[in-house]
Amino acid sequence: MNGVTGRMGTNQHLLRSIVEIIKQGGVKISSGEVIMPDPVLVGRDLNKLQKLSALSGVKKITTNLDEAFADKNNQIYFDAQVTGRRAEAVKKAVSAGKHIYCEKPIATDTKTALELYQLCKRAGLKHGVVQDKLWLPGLLKLKRLIQQDFFGKILSVRGEFGYWVFEGDTIAGQRPSWNYRKEDDGGIISDMLCHWRYVLDNLFGKVKAVSCLGATHIPYRVDEQGKKYACTADDAAYATFELEGSVIAHFNSSWTVRVRRDDLLTLQVDGTKGSAVAGLRECYIQHYGNTPKPVWNPDIPQPINFFEGWAKVPEQETYDNAFKAQWELFLKHVVTDSPFPWDLREGAKGVQLAEKGIESWNKRCWVDIPELP
C-alpha cells in the first residue's frame with residue numbers, strides 16, 4: 001500500500017477498509033474460507049510510517065518500494081500517491097508481476113492511462129480503479145429507484161459538489177496545497193470529472209460530450225509551511241454533459257462555495273414519473289402524484305413549502321463503507337476471478353473526460369467524447 005500516509009490513504013483505504021477487513025476476520029468466500037489481507041505500508045517518510053503503523057496495528061512498513069516488489073508474498077500493488085507519481089510506480093509493479101489497484105486519476109493524461117491498462121492486460125494481471133461513490137448509500141438508493149423504474153424516462157441530472165476550502169492565512173486550509181498548483185497536477189477538473197464520469201456512466205448513461213468552464217477564483221493561498229503561493233490550477237468547474245438517451249447532466253464542482261444544501265454532494269434526478277435528491281447517505285423522492293403546481297407571483301410570500309412534498313427513502317439495505325465495499329470486491333476478483341468491471345480502462349475514461357473538460361474550457365466549445373480503444 002503505497003502513499004497511505006496521506007489523508008485519503010490513511011482514513012479510507014487503510015483504517016476504514018483494510019484494517020476493518022482484518023478485524024472482521026477477512027473477506028468470506030465460502031463457508032470455510034476467507035481472504036485475509038496482509039498489508040505492507042510504503043512511503044518516503046519513515047517517521048510517518050512508524051506513526052501509521054502504531055495507529056493501524058499494521059507491523060510491516062518500508063521506505064523501499066523495490067524491496068516490497070521483490071517479496072513474492074506481496075501479490076497486489078495499491079497506489080494512493082499524488083497523481084504525478086502513480087504511472088511510474090504502477091509500471092514497476094506490473095514488471096514485478098503484481099496485480100494493480102489504484103486511486104484515481106490513474107494518470108495525468110489519457111495516453112498514459114491507456115498504456116497502464118494495456119500493460120496490465122498484456123501481462124495477464126488483475127487491475128482496478130477506485131470508484132468509491134458507486135457504493136455510497138445515497139447513490140445506491142438512486143440506483144434502486146432506477147431499477148424500479150421510479151423515474152420513468154430520466155430527463156436530467158444536477159450535481160452540486162464542494163465546500164469552502166480556507167485560504168490558510170488566518171484559518172488553516174483543509175486540503176493539501178498541491179491541489180491548487182497546476183505544475184503539481186492539481187485542479188478540480190482533473191480531480192472531480194473522473195468521479196462524475198463513472199457516476200454518470202454507471203447510473204444514467206454513457207457520456208457523449210462535455211461543455212466545461214473552469215475558474216481559479218482564489219488567486220493566492222498559504223501552504224503547509226505557512227508560505228504564500230500563487231494558485232495556478234482551477235478551484236471551480238461548471239460542466240454540462242450530454243449522455244446517451246438524451247439525458248442532460250450538469251455538475252458544479254467548487255472549493256470556493258459555501259454549503260446550503262443537504263450534503264457536500266447532492267444529485268437531483270428528474271424524470272417523467274418522479275424526481276429524487278440524493279446526498280452521500282440520504283435520498284428524498286417526489287412522485288408525479290405528489291408534485292405541487294406553483295404559480296409565479298413575486299408580489300406575495302410563497303404559499304407552498306416545497307420541502308414538505310418530498311419523502312425520505314427508508315433504510316432498506318445495510319451499507320458498508322464505500323471504499324471497503326469495493327476493496328472486498330477487488331480482493332475477491334484477484335483470488336476467485338469473480339467479475340470486477342471497474343478496471344484501469346474505466347479509470348482511463350475518467351482521465352479522458354477531465355482532459356476533454358479542460359479542452360472545452362480552453363476552446364470555449366462543446367467537445368465530443370470518443371470511445372476508448
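Reply: A residue counts as buried when its relative accessible area is under 20%. The model is a predicted one, and in helix 4, which spans residues 83–95, the residues Thr83, Arg86, Ala87, Ala89, Val90, Ala93 and Val94 are buried.

Me: What do the buried residues of helix 4 pack against?

Reply: Taking contact to mean heavy atoms within 4.5 Å, the buried residues of helix 4 pack against helix 3 (65–70), strand 5 (76–79), strand 6 (99–102) and helix 5 (110–123). Helix 4 is followed by Gly97, whose phi is positive, near 80 degrees.

Me: Why are helix 5 and helix 9 called roughly antiparallel?

Reply: The axes of helix 5 and helix 9 (residues 344–363) cross at roughly 175 degrees and come within 8 Å. Angles over 145 degrees count as roughly antiparallel, and helix 5 and helix 9 are therefore described in that way. Their contact includes Leu114 and Tyr117 of helix 5 and Val351 and Glu355 of helix 9, and its residues divide into 8 nonpolar, 2 polar and 2 charged.

Me: What makes helix 1 oblique to helix 8?

Reply: Helix 1 (residues 7–23) and helix 8 (residues 322–336) pack at an angle of about 60 degrees, with their axes 9 Å apart. Roughly parallel needs an angle under 35 degrees and roughly perpendicular one of 65 to 115, so helix 1 is oblique to helix 8. The crossing of these two helices is right-handed, and among the residues making the contact are Met8 and Arg16 of helix 1 and Trp327 and Leu331 of helix 8.

Definitions and conventions: Residues are numbered from 1 along each chain as its sequence is written. This is a predicted model: local features need pLDDT of at least 70, side-chain atom pairs count only at pLDDT 80 or more; totals for chains, interfaces and linings use all residues. Side-chain values use heavy atoms; hydrogens and water are left out. Axes are lines fitted to C-alpha atoms, for helices over the stretch in contact, and angles run from 0 to 180 degrees between N-to-C directions. Helices (H or I, at least four residues) and strands (E, at least two) are DSSP runs, numbered from the N terminus. A crossing is left-handed if the near helix is turned anticlockwise from the far one by less than a right angle, and right-handed if clockwise. Buried means under 20% relative accessible area, exposed over 50%, partly exposed in between (1.4 Å probe, protein chains only). Ala, Val, Leu, Ile, Met, Phe, Trp, Tyr, Cys and Pro count as nonpolar, Asp, Glu, Lys and Arg as charged, and the others, Gly among them, as polar.
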